[in-house]
Amino acid sequence: ATAAYSPALPAARAQARGSRVAMSCAVPMAAPVSPVDAAAGALADALRALGERLEGFALPSILYAIPNRRGPSNKARAGVSGFRARKLTKNGQRVLRNRRKKGRKALIPSPGRHPVHGK
């Protein structure tokens with residue numbers, strides 16, 4: 001967040017530099033507020049009010065640790081990153097072309113070696 005603009009600030013800086021501009025020369029006026037600052041202030045107020053309303057609210061702990069009941073499926077994996085799935089789309093063909101160009105031994109991941117489990 002930036003400091004609020006004050007019309008006396010430039011005069012104070014000038015006086016600190018030894019300029020002849022006096023503080024009394026500054027015309028007192030209301031600090032301009034940009035639409036962005038006004039919106040940010042309104043958002044901060046709304047979030048503060050929401051935080052006060054939800055102070056005692058807590059999510060059920062069951063939502064934090066839902067176990068994966070179905071393990072990784074080679075069939076589902078082949079549907080996403082298998083050779084035939086790659087050949088179906090232009091971007092998949094681009095993946096195969098780039099892997100060929102790079103000289104990859106395997107164009108697609110083999111179903112026997114899962115990248116996470118290594119089995």
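This is a predicted model: local features need pLDDT of at least 70, side-chain atom pairs count only at pLDDT 80 or more; totals for chains, interfaces and linings use all residues.
**Entry 1: a charged pair**

I began at Asp 45, which is partly exposed with a relative accessible area of 45%. Residues are numbered from 1 along each chain as its sequence is written, and side-chain values use heavy atoms, with hydrogens and water left out.

Which residue forms a salt bridge with Asp 45? I found Arg 48, with the closest N and O atoms 2.8 Å apart. A salt bridge here is a side-chain nitrogen of Lys or Arg within 4 Å of a carboxyl oxygen of Asp or Glu. The structure holds 1 salt bridge. Asp 45 and Arg 48 are separated by about one helical turn because they sit 3 residues apart in helix H2. Arg 48 is partly exposed too, at 48%.

**Entry 2: the chain as a whole**

I then looked up the helices: the protein chain has 5 of them and 0 strands. Helices (H or I, at least four residues) and strands (E, at least two) are DSSP runs, numbered from the N terminus. Of the 119 residues, 8% count as buried. The chain exposes about 10600 Å², and carbon and sulfur atoms supply 60% of that. The areas come from the Shrake-Rupley method with a 1.4 Å probe; for residues, only the protein chains shown count as cover.

**Entry 3: a buried serine**

Is Ser 81 buried or exposed? I have Ser 81 down as buried, with a relative accessible area of 15%. Ser 81 is found in helix H3. Leaving aside neighbours within four places in sequence, Ser 81 is in contact (heavy atoms within 4.5 Å) with Arg 86, Ile 108 and Pro 109.

**Entry 4: a nonpolar patch**

Leu 43, Leu 47, Leu 50 and Leu 54 make a nonpolar patch of about 380 Å². Patches are made of residues with over 30% relative accessible area and no salt bridge; like charges are joined within 9 Å, and nonpolar side chains (Val, Leu, Ile, Met, Phe, Trp, Tyr) within 5 Å. Leu 54 is partly exposed, at 44%, and lies in the loop between helix H2 (35–53) and helix H3 (74–81).

Methods: Buried means under 20% relative accessible area, exposed over 50%, partly exposed in between (1.4 Å probe, protein chains only).
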